[in-house]
Amino acid sequence: MLPEKTYKTGGAGANVVIIGRPNVGKSTLYNRLSGSRKALVHHAPGTTRDRNESLITWEGKHFTIVDTGGWEEAGSSISGAVRKQMLTALEGATIVLMIVDGKNGFHPIDAEIALLLRKEHKKTLVAVNKIDTVRDEPKANDFYRLGFDTVIPVSGTHGTNTGELLDIIAANLPDEASELPQIYDDSIRVVLVGKPNVGKSSLLNALAKEERVIVNEKPGTTREAVDIILQRPDQNFVLVDTPGLHRRHKITDEMEYLATLSAHNAIERADVGVLIIDALQGIGETEARISELILKNHRGCLIAVNKWDAVEQREDAVRAMREQLENKLPFLWWAKLIFISAKTGQRTERILDEVKAVYAQYTRMAPPDELTELIRTAIHRRPLSRRGKTLRLVSVQQTGTRAPYFVCNVNRTDIIHFSYRRYLENIIRERFGFEGTPIVLRFKSGNPAGKKK
Ligand code: GDP
Ligand code: GDP
């Protein structure tokens, strides 16, 4: 039976809902289509037998495929309760993928389901499963009697024809499915990074609870990314997958190295990196390397010190942690620090609030007039002269966000040095904040071409 709790099926975009009798191979096919057998079904949080959903992109169309899962039905007719649950599952279905069993052949319940689907005017594609050999393919033809135009033989266990099935699904989806669902688009993309054993997957579990999982690469590619959408009342987040996050592992030096490598790609796909530090172990080389990646990619950053429940002298520990940060990750001085416990859930939700605050800064535009005035005054207050030249501001503009990007047009770029750059950066931060995000300050020579400097 479906669970008591009724949920709205599928995501905000197009939904392909899998329907069929028990044991016809729905979940096998679901796993095959969503392309991530192991990671998705057995390891990802929130994917119970009763609710499997993943976002698939195929031929430029995006859709959520939903396996409505385990109802059981004895006898040869659908009970009223199951019928009701099926109707709930069908709400929001753009296309129904009806699975039948080609090995055991036609069953009276198949006809009942087909009747219900026709009554509901649902676009239905019939996949005849368990057609494991080409020789068996003609068996599929028997299912044309269900009255639907599209009947395609497949094998969930072998993967036969599943690519063709996805082609047909994509071709039957409306054009709107070419747009990524809003929910995915508006989300803040977060990645949890840190060396092995700091508590990344524990934190992921604490945050993810019952959330939906999306697979954002073509099924069948070797490396599928399993991202998780966290739905919160006023903001959605996508927890960007890092390889190895769902796996238990023994820690080796090589693992630490790999952790850095795999963090790289994930950081590129995220807006904000949450650097997790083990409160008991402190900051080491891996943390330094990972935070350099965050910086290099111009991503927002939050530092979360985990396992806070296991710390006894907390005041001392806070002081020690701040000192370590200053010494070992000085370039992250603008990042906020938060002390959490993935184990007890202490402040884990706060992480999302902080990430949201970081994101707001990360995407923020400073008012242009105020910016110009600020930099002009700052240069005036602390004049810079070198080699007989004095720095003059021609103009300053914030040319972009993610991270905030500033271009100062000046008369000479060659006299600017690190500490002066730092001075101006501090002035910008003092006025506008930008807590939690790197800011980029570029200097260009604003002299009109041909004029003598
Ligand atoms: P569900 O109850 O509809 O979700 O069905 P399952 O996916 O759990 O599959 C039911 C049984 O059918 C399992 O023993 C599967 O191994 C088997 N099965 C699924 N797909 C195929 C297939 O393509 N060929 C064969 N021979 N068996 C399959
Ligand atoms: P990952 O390798 O970064 O994903 O780390 P895991 O989430 O697998 O956690 C590594 C170990 O630290 C496990 O034994 C967890 O139970 C433990 N752990 C994780 N978070 C906490 C926490 O907040 N407090 C304590 N005391 N232990 C934790």
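This is a predicted model: local features need pLDDT of at least 70, side-chain atom pairs count only at pLDDT 80 or more; totals for chains, interfaces and linings use all residues.

Biologist: Fine. Which polar backbone atoms sit by an oxygen atom of ligand 2?

Modeller: One belongs to Asn197, 2.7 Å from a ligand 2 oxygen. Another is on Val198, at 3.3 Å from an oxygen of ligand 2. Ala342 also puts a backbone N or O atom 2.9 Å from an oxygen atom of that ligand.

Biologist: And how much of ligand 2 does the protein bury?

Modeller: 79% of the 580 Å² that ligand 2 exposes when taken alone. Accessible areas here are Shrake-Rupley values with a 1.4 Å probe, and for residues only the protein chains shown count as cover.

Biologist: Which residues come nearest to ligand 2?

Modeller: Asn197, Lys200, Ser201, Ser202 and Asp309, out of 16 around it. A residue is near a molecule or strand if one of its heavy atoms lies within 4 Å of it. Helix α7 (residues 200-208) supplies the largest share of that shell, three residues. Helices (H or I, at least four residues) and strands (E, at least two) are DSSP runs, numbered from the N terminus.

Biologist: OK, ligand 1 now. How many residues surround it?

Modeller: 16 again surround ligand 1, the closest being Asn23, Lys26, Thr28, Asp132 and Gly156. Helix α1 (residues 26-34) gives the most to this shell, with three residues.

Biologist: What lies by a nitrogen atom of ligand 1?

Modeller: Two side chains. Asp132 has a polar side-chain atom 2.7 Å from a ligand 1 nitrogen, and Asn129 has one at 3.0 Å from a nitrogen of ligand 1. On the oxygen side, a backbone N or O atom of Gly25 is 3.0 Å from an oxygen atom of ligand 1. The protein covers 74% of the 580 Å² of accessible area that ligand 1 has on its own.

Biologist: Switching topic: which residues of α4 are buried?

Modeller: Ile109, Asp110, Ile113, Ala114, Leu116 and Leu117. Buried means under 20% relative accessible area, exposed over 50%, and partly exposed in between (1.4 Å probe, protein chains only).

Biologist: Where are they around the axis?

Modeller: They span an arc of only 160°, so they share the same side of α4. The arc is that of the directions from the helix axis to the C-beta atoms.

Biologist: What covers them?

Modeller: The cover includes β1 (14-20), α3 (80-90), β4 (95-101) and β5 (124-129). As for the helix itself, α4 (residues 108-119) has twelve residues and reaches 17 Å from first C-alpha to last, close to the expected 16 Å; the expected span is 1.5 Å times one less than the number of residues. Just after α4, His121 takes a positive phi of about 55°.

Biologist: Next up, Leu302. Buried or exposed?

Modeller: Leu302 is buried, because its relative accessibility is 0%. The residue belongs to strand β12 (residues 300-306).

Biologist: And what is Leu302 in contact with?

Modeller: Beyond its neighbours within four places in sequence, Leu302 touches Gly273, Val274, Leu275, Lys336, Ile338, Ile351, Glu354 and Val355. Contact means heavy atoms within 4.5 Å. Its C-alpha is also 6.5 Å from that of Leu337, 35 residues apart along the chain.

Biologist: Where is Glu354 found?

Modeller: In helix α11 (residues 348-362). Glu354 counts as buried too, at 10% relative accessible area. Setting aside neighbours within four places, Glu354 contacts Leu302, Lys336 and Ile338.

Biologist: Last one, the overall picture. How many helices and strands?

Modeller: 13 helices and 18 strands. Of the chain's 453 residues, 52% count as buried. Among contacts between residues at least 6 apart in sequence, 75% join residues at least 24 apart. The chain exposes about 21,300 Å², with carbon and sulfur atoms supplying 48% of it.

Conventions: Residues are numbered from 1 along each chain as its sequence is written. Chains are lettered from A and ligands numbered from 1 in the order in which they are written. Side-chain values use heavy atoms; hydrogens and water are left out. A polar contact is a pair of N or O atoms within 3.5 Å; within protein, one must be able to donate a hydrogen and the other to accept it, and residues adjacent in sequence count only if both atoms are side-chain atoms.
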